[in-house]
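Student: Could you walk me through how the pieces of this fold pack together? I'd like to go one question at a time.

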Amino acid sequence: MNETGGIGGEECVAASKVKGNGGIESALECIHPAGTKKNPEEESFSSNSTPSSARLTLFLFFSMARNKEALVLLLDVGPSMHSVIPEIEKVCSMLVEKKLIFTKYDEVGVVLFGTEDTDNELTEEVGGYQHVVVLKNIKVVEGDIVEALQQLPRGATHGDFLDAIIVGMDMLIKKFGETNKGKKRLCLITNAQCPIKEPFEGTKEEQVTTIAKQMTVHGMRMESIILRGKLSQDANKKIMDENDQLLRIFSTETSARSTYVENPVSLLGALRTRNITPSTIFKGDLELSPKLKIKVLVYKKTAEEKFPTLKKFSDKAASTDKFATHEVKVDYEYKSSQEPDKVVPPDQRIKGYRYGPQIVPISQAEWDAVKFKPEKGLKLLGFTDSSNVLRHQYMKDVNVFIAETGNTKATLALSSLVRAMKEMNKVAILRCVWRHGQANVVIGVLTPNLSDKENIPDSLYFNALPFAEDVREFQFPSFSNFPAPIQPNEQQLEAAANLVKMLDLAPQGKEEVLLPDFTPNPVLERFYRYLELKSKHADAAVPPLDDTLKKITEPDDELLQQNKSVIENFRRSFELKENPRHKKSRRLLREERYGSGEENSKGEIPALASNLIEDKSNVEVDNIGDLTPVQDFEAMFARRDNPDWVVKAIDAMKNKIHDLIEDSHEGDNNLKALECLAALRKGCINEQEPKQFNNFLRDIWSFCQEKSLHDFCDSLSSKGITLIPKSEAADSEVTEDEARSFLVKSQPKV
């Protein structure tokens, strides 16, 4: 054994001569005993003369770095991989970029195989391992690793992925020895098209089994991403099948996983760029009855990945202060409108909740007392047919229920329950309170999930179900209720069926496109890439969307071009024609609204207004004017370039109505204000915003009463403009009786 505590020396050379193949097995047998030489980082921090402040810093450093991962990327850059190397550069550089954001203490190394050159320590120590280059030794993630992965060299010879695996293992063993078990990972990316060298003794299968066992001994995990389909060139099928069999041995003998991908999108999502340590959201009993309970663990199965938190940082701290956090703390002060210079202390502040026209104050103590405080636990309420729980009723994230680890009885009990539910096509309805102090109760459904692997037990998937207040009902008429002439005919149905077949994401004999497990979020991916670019160039512009990410957000152009006839046939089958009667009714409505020129005493103004309305059909309206406020409001409502236009239109119309009423002199603006109010009411019904209109109408009524604008109140009553009841909008909280009685107010006596 050499003094570096790694693999080498006379014993290893001798072993390599006996067992051959460049010392693959010798590299695994000559592992040094733990503790023969200290890690340089440990030596530098072992002095007793370390100041107390530095000791605290070191303590924080090691506590934060305790769960760091050590990853070695094994990348095939041989000739058969040249076409896909740009995609490998993207996914590998993205992996390191995310580590810089989320796990900056992780360590990464890069090994290339299939290169013309050879540069690794095992070649010098035991021989063999040709065409394997250590591009980056294992170290804490830095920007230079990203840059290296963005400019991978193109190899000139075929590489042996077993040689690369051994070199990667050797790097991890020399760096960590027997420590860091479970946190050491190898990631192999190859098309597995090149043959593996024959060993001098034994078979390739025996050789791979030996390597896999050593991985287990040293607590290493391996992830293999094999490129096939469009990402691989024509190759010898016999060699590919043999290599696939060797990679399967890793999966059975050690902690390894193999993933096959056929397109750039799948490659982008196959490599887990961020590992999230699972944590239980519940640990305890699943109570089937008071006398029957199963010990379970509940984990998140799916959860939306959020943008990284953007924090405020200050540059006021001295640049030489190594311990400065640069954090910005925000404090809020509350002041009274009557005494703006006096700060109101917390004990003099109280929250209020609107109840009709009044505000009801509720103190924190009262709020805590009125809170519902259920008991923590999971209780079975009963079973029902799976057809009774519809897919659109699922809410929020998905959780998975598994039996308590190492509890054989719980595993058998849960597996029996899962298989019985699957056989009877049943699901379980559950009452869940995940933790003490939880302010609400969750009702959900448990769906059986039978495992197809011997080493993975059965489980249950949990989805939260809605309460009555959470359900939104939108009733649409059925096609069967329409007259026969406007129902789809056989030709139209056939055209629609052909369109669906053309856009099938899982065609027969091919890999399904856009599988959730292999489809990254394009919004997040683009953000991370821009963040890396911005870290180098402060004035960098936002780059265009990457071609691979476009394939996630846009249809396949090649597929559309190949099936233009199908699309054209569908278009012809559902050709839309202009309805002249509808167009005429809109013109008549405008004439009826403004009257003819003979009837109007203001001469040409109505014609001018009508021309303005017609001209605005070709102009995007972004505010409500004084001349045609109703038409401006409808035009803003009709815009679909941004969903915020509906909110903007409602707010703008509220302001316009309020201004008309406030500026009215002897009721001269009442008619226009009522027209605007009627348009606002109709728009809020169509957009399911009844609360917006109802609250506004109450405010307007209170304002008119306060300002003694009884003429406008009388006009409201005469026009019958009242609150939007539940019968007109499902989201309304107003009943029919409340809407009818709203305008029946007692007038003050004169």
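Student: In which crossing, left-handed or right-handed, does α9 pass α10?

Tutor: Ground rules first: this is a predicted model, where local features need pLDDT of at least 70, side-chain atom pairs count only at pLDDT 80 or more, and totals for chains, interfaces and linings use all residues. Residues are numbered from 1 along each chain as its sequence is written, and side-chain values use heavy atoms, with hydrogens and water left out. A crossing is left-handed if the near helix is turned anticlockwise from the far one by less than a right angle, and right-handed if clockwise. By that rule, α9 passes α10 in a crossing that is right-handed.

Student: And at what angle do α9 and α10 pack?

Tutor: Helices here are DSSP runs (H or I, at least four residues) and strands likewise (E, at least two), numbered from the N terminus. Axes are lines fitted to C-alpha atoms, for helices over the stretch in contact, and angles run from 0 to 180 degrees between N-to-C directions. Angles under 35 degrees count as roughly parallel, so α9 is roughly parallel to α10. The axes of α9 (residues 204–217) and α10 (residues 237–253) are 9 Å apart, and the angle is about 30 degrees.

Student: Which strands of the sheet does α10 touch?

Tutor: The open sheet has six strands in the order β3-β2-β1-β4-β5-β6, with mixed pairing; two strands pair if DSSP finds at least two bridges between them. Its edge strands are β3 (132–140) and β6 (256–261). Contact means heavy atoms within 4.5 Å, and α10, whose direction makes about 140 degrees with that of β6, touches β4, β5 and β6.

Student: Which residue of β4 is the bridge partner of L75?

Tutor: Strand β1 (residues 70–76) and strand β4 (residues 184–190) run parallel, joined by six bridges. In β4, the partner of L75 is I189.

Student: How are the rings of Y353 and W367 arranged?

Tutor: Rings of Phe, Tyr and Trp (its six-membered ring) pair if their centres lie within 6.5 Å; planes under 30 degrees apart count as stacked, over 60 as edge-to-face and the rest as tilted. For Y353 and W367, the centres are 5.9 Å apart and the planes are at 20 degrees, so the pair is stacked.

Conventions. Angles under 35 degrees count as roughly parallel, over 145 as roughly antiparallel, 65 to 115 as roughly perpendicular and the rest as oblique.
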